[in-house]
Amino acid sequence: MDTDCMRGIYLVTGDCPFHDLETVVADAARAGVCAVQLREKTADTRDFLDRAVRLKTILRDTGIPLIINDRLDIALACGAEGVHIGQTDMPYEQTRRLMGPDALIGLSVETWEQVEEAEGLDLAYIGVSPIFSTPTKTDTKGEWGFEGLKKIRAFSRHALVAIGGLNALNTAETLRAGADMVAVVSAICSARDPYTATRDLIREFDNTYPFYHTQRGDR
């Protein structure tokens with residue numbers, strides 16, 4: 001399982017008021033996101049699959065993995081590189097068995113006990129969720145904040161995806177707290193210019209992560 005891509009700006013899809021989703025994803029891919037997660041909480045199965053297939057086509061030959069949120073059936077049907085699961089979704093063991101040894105599996109952690117349990121799993125990353133409360137993710141147990149992220153970084157062997165209330169203004173601080181990826185929704189999806197918004201985020205990542213990563217040592 002190649003997890004080298006698990007560094008950078010990670011786009012999680014959401015409402016796109018100025019452009020269709022395909023345009024936003026294409027612009028973000030052209031700008032250089034490290035991964036795209038398709039999250040659909042209300043779409044029916046056929047619409048979800050149709051959208052996943054369209055995004056898979058956009059990302060073909062880019063080297064950017066498509067991660068499906070929650071739905072293993074959609075991930076398998078569209079040929080996605082991975083799936084992101086929460087604590088109430090299908091357990092990791094069954095997810096790995098169905099997705100195969102090379103799939104990228106991400107897992108959300110909302111409590112310290114879940115962080116400890118994740119340490120024994122073969123994950124591409126753990127999603128530290130949320131760093132800050134946000135309208136796009138309300139079904140969580142509370143905020144981790146930067147201090148919580150630092151604590152997880154000191155303990156965990158996994159790549160860390162930080163999500164929740166993150167944007168170009170706090171990307172650098174998020175990386176200094178230990179994140180390997182900064183997951184954003186509205187910072188890209190709600191931007192009038194998704195390409196430029198993505199490039200601004202990537203610039204913050206490039207200016208912060210390589211130096212800080214060298215200082216703390218490769219994990």
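Is Leu59 buried or exposed? In this predicted model, Leu59 has a relative accessible area of 4%, so the residue is buried.

## Leu59 and its surroundings

Leu59 belongs to helix α2, which covers residues 45-59. Leaving aside residues up to four places away in sequence, the contacts of Leu59 are Val25, Ala29, Val36, Ile64, Pro65 and Leu66.

## The chain as a whole

The secondary structure consists of nine helices and eight strands. For 219 residues, a compact globule would have a radius of gyration near 17 Å; the value for this chain is 16 Å, so the chain agrees with that expectation. The C-alpha trace spans about 40 × 40 × 30 Å along its principal axes.

Of the 219 residues, 53% count as buried. When contacts between residues at least 6 apart in sequence are considered, 61% of them join residues at least 24 apart.

## Surface and charge

The chain has an accessible surface of about 10,100 Å², and carbon and sulfur atoms account for 47% of that area. The chain carries 24 positive and 33 negative charges. The mean position of the positive charges and that of the negative charges are 1 Å apart.

## Aromatic pairs

A pair of aromatic rings is described by the distance of the centres and the angle of the planes. The count for this model comes to four aromatic pairs. One of them is formed by Phe132 and Phe146, with 5.2 Å from centre to centre and 85° between the planes. An angle over 60 degrees counts as edge-to-face, so the pair of Phe132 and Phe146 is given that label. The pair links distant parts of the chain, with Phe132 in the loop between β6 (125-128) and α6 (145-155) and Phe146 in helix α6, 14 residues apart.

Phe146, at 14%, counts as buried.

## Backbone exceptions

Most residues other than glycine have a negative phi, and most peptide bonds are trans. Where does the model have a cis peptide bond? The bond from Ser129 to Pro130 is cis, with omega near -15°. Pro130 is placed in the loop between β6 and α6, and the loop between β6 and α6 also holds Phe132.

Positive phi values occur at two aspartates described here, Asp61 and Asp70. Asp61, a residue other than glycine, has phi near 70°. Asp61 sits in the loop between α2 and β3 (66-69), and because its relative accessibility is 78%, Asp61 counts as exposed. Asp70 is not a glycine either, and its phi is about 75°. The loop between β3 and α3 (72-78) contains Asp70, which counts as partly exposed because its relative accessibility is 23%.

Notes: Residues numbered from 1 in each chain as written. Predicted model: local features only at pLDDT ≥ 70, side-chain atom pairs only at ≥ 80, totals over all residues. Heavy atoms only, no water. Helix = DSSP H or I, 4+ residues; strand = E, 2+ residues; numbered from the N terminus. Buried < 20%, exposed > 50% of the residue type's maximum accessible area, 1.4 Å probe, protein only. Contact = heavy atoms within 4.5 Å. Rg over C-alpha atoms; globule rule 2.2 N^0.38 Å. Areas by Shrake-Rupley, 256 points an atom, 1.4 Å probe, with all protein chains shown as cover. Lys, Arg positive; Asp, Glu negative; His and termini not counted. Charge placed at Lys NZ, Arg CZ, Asp CG, Glu CD. Phe/Tyr/Trp six-rings, centres within 6.5 Å; stacked < 30°, edge-to-face > 60°.
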